[in-house]
Amino acid sequence: MKKKLFLNRYSLLLVAVTFLVFGSCQEDFTERPSEDGISLDSYYSTNDQVSSATNGMYSRTWFQMYNKFWWAIEVGSGNMYSGSPDVSGLRTFALNGSDPELVNGWSALWANVQQSNMIINFLASRVGPDVDKNVLDNAIGEAYFMRATAYFDLVRLWGPVPIIENPLDFTSNPYVNTNTVDDIYKLITSDYLKAADLLVAKTRGANYASNGHVSKGSAKAMLAKVYLYKKDYANARAMAEEVINSGEFKLLGGDELPSKSFADLFTYANNNNEESIFAIQWKGDGSYGSANNCNTQFGFKDGDLSTSNASYAGVFGPGQEIFTLYDATDKRKHETIMVAGDTYPNMKTTEGIGFTVPTGKDLAQGSGGAIKKYCIGVVNGAATGSADAWAMMDNNTYIMRYAELLLIHAEAVLAGGGSTTDAAALKSINAVRRRAGLSNLTSVTFDDIFLERRKELCFEGDYWFDLGRIDKTKAIAIMSAQNRGDRYGARYYTPVYSEDHATNDFYMDYPDNEVAKNPKLLEPPVPYTFK
């Protein structure tokens, strides 16, 4: 029986054999094949057709994960606050398997696993003789990358889950055991290594339109993160240094690109910039579920003044700690949260271009401020504007940035030690700090890196997982001391260990509907037999 921390946790998966439609001969992300099913009758006779087969895997299949559930996890970490009942379950550690957004997140991840599996298993047999091998290899490499990324989220959120490499193996028996966490990480590692072998190598330059798809460097960077989670510091360091030394990625506003800044990371013009390792490529098509909802979810509405032209805004606000997280000289604060009196001269609201954040107002969720990161303001239609009635937009959502890889490298060099003066670790963390306007460190501890990660990656979904990989007593102390309420007063919710708590207590409940369909998921995880 699975053990856990905050939540009663039981859940499993009914593996549905979903056929995805590859289809469509498009080189960019503007027109995608259907993401609802795969047609095994599709045939690919040109390089362009094969290259476009993976386009849909960069957007719509991830929507239910990144529309609300990912940010509900940020609420759980204490970075965000929301009183909205559909996203606030983790604020009080009361989330359970009946939660609709939890079900959405689970379903989105399995959709990505299944779409990846169909490409891995069947694409090669459906291409014509004129398709170049390197083009086919790259498409399959993208599928390995996506499957690894989906499983990385699944194992961090739910622990033991079923390993499904080919859905056709389960057409006659959809009742599937979970597999061990170690075996899931083995699959993730293998998939990223295969992706790194098959994907093309790139150097991320100023032609941002060519940077949307992942590369060898993307796979190696994600693998460095996986090694770090496994405390395999030697491999995490080696993989991070391989990416760093390749020169593929750079910090916007860092020493190599001083003409830009941290603020530029979250604008339309800089989608797929030099710092982007992997990002969701939103493209509004007029239907719900095709674009980025953060501009509305993270902004605010105060009477007629709003950062969104939707009928609502501000589903999420900053956690109260975030208002005091940053030093006064830290340039990231202004671009991460909006506080009373801050000015944004180029940001358009419903009342015009340029505004000053109102004082004495509740703003987003009674927080007294709002989330600036990913909130770009009202933009009129056309190619760079809101695409639908929900005011969703096409700015990318980062899954990993180069700044994080530098912090992974610094932590890997530290290798679990108390502190280090190693020049390699200092070079990496100080590059991130200098861009933020902070002074260089001359030695670094884990707490330094842990704090720097929170400040750099705030509202990007990592802090819950960072808390989950440190000493649990320390994590509980941090979360118990948080003000998890709005501006009107401290609201503390103390996480409580279950009596049979396991090593990792940050797992979610399995969705109740999946447990009902597949009771075998309640059984202990079993080792996986790799092919």
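A residue is called buried when its relative accessible area is under 20%, exposed when that area is over 50%, and partly exposed in between, with a 1.4 Å probe and protein chains only. The structure described here is a predicted model, in which local features need pLDDT of at least 70 and side-chain atom pairs count only at pLDDT 80 or more, while totals for chains, interfaces and linings use all residues. Residues are numbered from 1 along each chain as its sequence is written, and side-chain values use heavy atoms, with hydrogens and water left out.

The predictor's confidence in each residue is given by pLDDT, on a scale from 0 to 100. The protein has an average pLDDT of 88, and 89% of its residues reach at least 70. A contact here means heavy atoms within 4.5 Å.

The protein contains 15 helices and 12 strands. These elements are DSSP runs numbered from the N terminus, helices being H or I of at least four residues and strands being E of at least two. Of the 531 residues, 62% are buried. Among contacts between residues at least 6 apart in sequence, 73% join residues at least 24 apart.

Aromatic rings were examined next. Rings of Phe, Tyr and Trp (its six-membered ring) form a pair if their centres lie within 6.5 Å; planes under 30 degrees apart count as stacked, over 60 as edge-to-face and the rest as tilted. The structure holds 28 aromatic pairs. In one of them, the ring centres of Trp70 and Phe465 are 5.7 Å apart and the planes stand at 40°, so this pair is tilted. The pair joins distant parts of the chain, since Trp70 belongs to helix α2 (residues 63-77) and Phe465 to helix α13 (residues 463-468), 395 residues apart. Trp70 counts as buried because its relative accessibility is 6%, and Phe465 counts as buried because its relative accessibility is 4%.

Phe152 and Tyr185 form an edge-to-face pair, with 6.3 Å from centre to centre and 70° between the planes. This pair also links distant parts of the chain: Phe152 in helix α4 (residues 133-158) and Tyr185 in helix α5 (residues 181-198), 33 residues apart. Phe152 is buried, with a relative accessible area of 1%, as is Tyr185, at 9%. One aromatic cluster consists of Trp71, Phe262, Phe266, Phe298, Phe316, Tyr374 and Tyr398.

A charge sits over a ring if NZ of Lys or CZ of Arg is within 6 Å of the ring centre and within 35 degrees of the ring normal. The charged end of Arg156 sits over the ring of Phe465, 4.0 Å from its centre, and that of Arg401 sits over the ring of Tyr398, 5.8 Å from its centre.

A nonpolar core is a set of buried Ala, Val, Leu, Ile, Met, Phe, Trp, Tyr and Cys residues joined through side-chain atoms within 4.5 Å. The largest such core has 146 residues, of which Tyr151, Trp158 and Ile188 touch the most other members. Helix α4 gives the most to this core, with 16 residues. Beyond four places in sequence, the residues touched by Tyr151 include Trp110, Val161 and Ile188.

Glu321 lies in the loop between β5 (317-318) and α9 (332-336). Glu321 is partly exposed, because its relative accessible area is 23%. Beyond four places in sequence, Glu321 touches Arg454, Ala481, Gln482 and Asn483.
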